[in-house]
Amino acid sequence: TSRAKDKAGRKDRARRKRTGSGLAGLIWPQRSLITNREVAGPGALEPELWAKLQFLSDPLCARCGTPFEIAVDAAQECGACLAHPPVYDRARAALIYGDVSRDLVLGLKYQGRRDGLSVLGGWMASAGSELLADADLIVPVPLHRLRLVWRKFNQAAELARALGALAGRPVLIDAVRRVKRTRRQI
């Protein structure tokens with residue numbers, strides 16, 4: 001039947017993907033996303049670096065995602081959002097920006113380290129799962145054309161593609177255009 005053929009086709013594709021990944025691992029061993037040393041697993045970090053990552057988790061500000069130190073109502077906003085409401089409704093981050101997470105971001109932005117996109121996208125999908133559940137599509141913030149020439153790729157677009165694939169949401173890369181060249185955020 002058609003259903004049995006679909007199931008067999010999915011199993012065959014999964015087997016080919018596993019075989020291809022295994023062969024690729026022999027030819028191109030996995031490298032740490034920060035130190036570039038050989039490590040086990042895709043997008044892996046050394047244990048001492050993993051230990052320094054600080055993932056954000058509940059309780060969080062309902063609007064900006066800043067962590068609270070004590071349990072609060074799920075709809076609670078932080079003092080900063082109450083005093084000066086941002087122009088957006090909700091935002092989430094996967095990690096606190098620290099030494100290791102900074103190195104991951106800078107590796108992507110300035111060194112073109114695309115090998116960590118699936119890992120970073122997975123963290124983003126987990127952190128923003130409630131936002132993604134309500135999303136119709138994902139639109140990355142574009143780079144100004146001069147910055148795009150300098151960097152050679154748009155890291156926000158690449159992350160959006162990885163996130164879209166994981167979340168099952170369409171990604172519209174060219175939905176908005178940056179017309180004003182702004183200062184770099186470092």
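This is a predicted model: local features need pLDDT of at least 70, side-chain atom pairs count only at pLDDT 80 or more; totals for chains, interfaces and linings use all residues.
**Stop 1: the aromatic pairs.** Start with the rings. Across the whole structure, a search finds 4 aromatic pairs. Select Phe-55 and Trp-123, which form an edge-to-face pair with 5.1 Å from centre to centre and 85° between the planes. Phe-55 belongs to the loop between α2 (47–50) and α3 (79–83), and Trp-123 to helix α5 (residues 117–127), so this pair ties together parts that are 68 residues apart in sequence.

Now colour the two residues by accessibility. Phe-55 has a relative accessibility of 39% and counts as partly exposed. Trp-123, at 13%, falls under the 20% limit and therefore counts as buried.

Ring pairs link Trp-50, Phe-55 and Trp-123 into a cluster.

**Stop 2: a charge over a ring.** Select Arg-114 and Phe-153. The charged end of Arg-114 sits over the Phe-153 ring, 3.9 Å from the ring centre.

**Stop 3: the cavity.** The structure holds 1 cavity of 30 Å³ or more, and the volume of the largest cavity is about 40 Å³. To display its lining, select Leu-33, Leu-104, Gly-107, Leu-108, Arg-113, Gly-116 and Leu-120. Which helix supplies the largest share of this lining? Helix α4 (residues 99–111) does, with 3 residues. Colour the lining by residue class to see 4 nonpolar, 2 polar and 1 charged residue.

How values were computed: Residues are numbered from 1 along each chain as its sequence is written. Side-chain values use heavy atoms; hydrogens and water are left out. Rings of Phe, Tyr and Trp (its six-membered ring) pair if their centres lie within 6.5 Å; planes under 30 degrees apart count as stacked, over 60 as edge-to-face and the rest as tilted. Helices (H or I, at least four residues) and strands (E, at least two) are DSSP runs, numbered from the N terminus. Buried means under 20% relative accessible area, exposed over 50%, partly exposed in between (1.4 Å probe, protein chains only). A charge sits over a ring if NZ of Lys or CZ of Arg is within 6 Å of the ring centre and within 35 degrees of the ring normal. On a 1 Å grid over the protein atoms alone, a cavity is a set of points where a 1.4 Å probe fits but cannot get out, and a pocket is an open set with protein on both sides within 12 Å along at least five of seven lines; lining residues have an atom within 4 Å of a point. Grid points are joined across faces, edges and corners, and a volume is the space filled by probe spheres set on the points. Ala, Val, Leu, Ile, Met, Phe, Trp, Tyr, Cys and Pro count as nonpolar, Asp, Glu, Lys and Arg as charged, and the others, Gly among them, as polar.
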